[in-house]
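Please read it with the sequence and structure open.

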Amino acid sequence: MNYLYLYHKGRGLRATKELNAGEVVFAEPSFSAVVFDSLATQVCHSCFRHQANLHRCAQCKFAHYCDRTCQTACWDEHKQECGAIRKISKVPSENVRLAARVLWRIYKDTGIVSDSQLISVDQLQDHVADLPEEDLKQLKTDVHTFLEYWSCGRQQHSADYISHIFGIIKCNGFTLSDQRGLQAVGVGLFPNLCLVNHDCWPNCTVILNHGNQAAVSSALHSQRRIELRALGKISAGQELTVSYVDFLNLSADRQRKLKERFHFECSCEHCSQHIKDDLMMPSADQVKEATAFSKDCLEKIERSRIEKDYHQVMKLCCECLEKQGNVLADTNLYKLRVLSVASEVLSYLQSFPDAANYARRMVEGYTKLYHPSNAQLGMAIMRAGVIHWHAGQIEVGHSMICKAYAILLITHGPNHAITRDLESMRMQTEMELKMFKQNECEYHTMRDAALKNQPMVSSS
């Protein structure tokens, strides 16, 4: 196979040829993956799509699937789990379930399952020795639960080896999103991806492709997999990097999160030089009061969101934004979070013109902070474009949707479900924009009729 990357032990992966923006460096199926406990009845355990009316496994009554096709595709991964759940009459945590799936896979196929896999799963770093006392207590509890749950003939493993697997999952588990990329729904292990080193301003991004089980013949189904995609031009010999954390944090906070989760000190250029920290969080004395108020207000906003008191959420958002005023820039992290919540809640309440104003300000801030081909930026611009579209601001909405589409073509590729949806929206808004330019009055009449679900009589 002609690889686009080469593994240098301890030094990550490097490109073997020049790569262009949007090019897939590699695609990798999960070694093992599980749905989060809290979403077990809402997300398909095979394709990880968020769906209504899922079908439940008749035996364990825990796993849920889109249909018989997804259930059949997942049976090889689920059958041992199914028996173990029935044996102990309860479902353990997602970490225990994933550890068991990893060991069943190793027991059945060994730790390397394809010629393209560069390292065995059990050779990955675990950092168990670096865990704080509280995490070690949880690890012991998980190991104890695992020993009650595990069954695979007479095959047994030592507590140290099981701890090693849990450590690997903690350090290397990759969060899986639903088909719209809007919600984290599970976690999986991807051995080759684990070899890609971190940079806060990376040259690659990782996207989950949910695969396709729509074909009549299961032989034509495509697997769930991650895709590593180049964000821009990468030279031959250059190291491939991804970001393990969201860039939208101060450099010190990113470094702290990386140290706590992955046990290394980030010394990338953006962290060592504190690049864009001044945009996200100015340190001048006059912002201290606004910052303290914002932190307190965001806690109240989150409580009201959980209680679904959306009018109280908006009251708090308005108070917070008024207090922030011109003291905090639109690139300030606290202001961005308030703008994001306000646009989301107002959209839910169908107050689209007001939602569009907040969404536009949020996107302007994001654009100054994120890498221009960042997937989070693309998704934010897409949501803002849809809000403007719903608000009747077709010119701005179409422009934003086109910008988002250009970014997602790089980060997700043309065949991803999100990109295909965005392409449909782009075509629809393009058609509406033409109508708007030809006859603005007739366009708004048509739009109002469509919103009211009433027949529209043409003026021609």
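How many disulfides does the count come to?

1. The model is a predicted one, and in it the count comes to 0 disulfides. A disulfide calls for two cysteine sulfur atoms within 2.5 Å, and C266 is in no disulfide, since the nearest cysteine sulfur, that of C268, is 3.6 Å away. C266 is buried, with a relative accessible area of 6%.

2. C317 is likewise in no disulfide, and the nearest cysteine sulfur to it, that of C318, is 6.9 Å away. C317 is also buried, its relative accessible area being 0%.

3. Turning to helix 10, this element runs over residues 333–348, and its 16 residues reach 23 Å from the first C-alpha to the last, which is close to the 22 Å expected at 1.5 Å a residue.

4. Beyond the helix comes Q350, whose phi is positive, near 65 degrees.

5. Helix 10 is mostly covered, in that 12 of its 16 residues are buried. Among them are L333, L336, L339 and L346, together with Y334 and K335, and the buried set also includes V338, V341, A342 and V345, as well as S343 and S347.

6. What covers these buried residues of helix 10 includes helix 7 (277–280), helix 8 (288–306) and helix 9 (310–324), and also helix 11 (352–369) and helix 12 (375–390).

Definitions and conventions: Residues are numbered from 1 along each chain as its sequence is written. This is a predicted model: local features need pLDDT of at least 70, side-chain atom pairs count only at pLDDT 80 or more; totals for chains, interfaces and linings use all residues. Side-chain values use heavy atoms; hydrogens and water are left out. Helices (H or I, at least four residues) and strands (E, at least two) are DSSP runs, numbered from the N terminus. The expected span of a helix is 1.5 Å times one less than its number of residues. Buried means under 20% relative accessible area, exposed over 50%, partly exposed in between (1.4 Å probe, protein chains only). Contact means heavy atoms within 4.5 Å.
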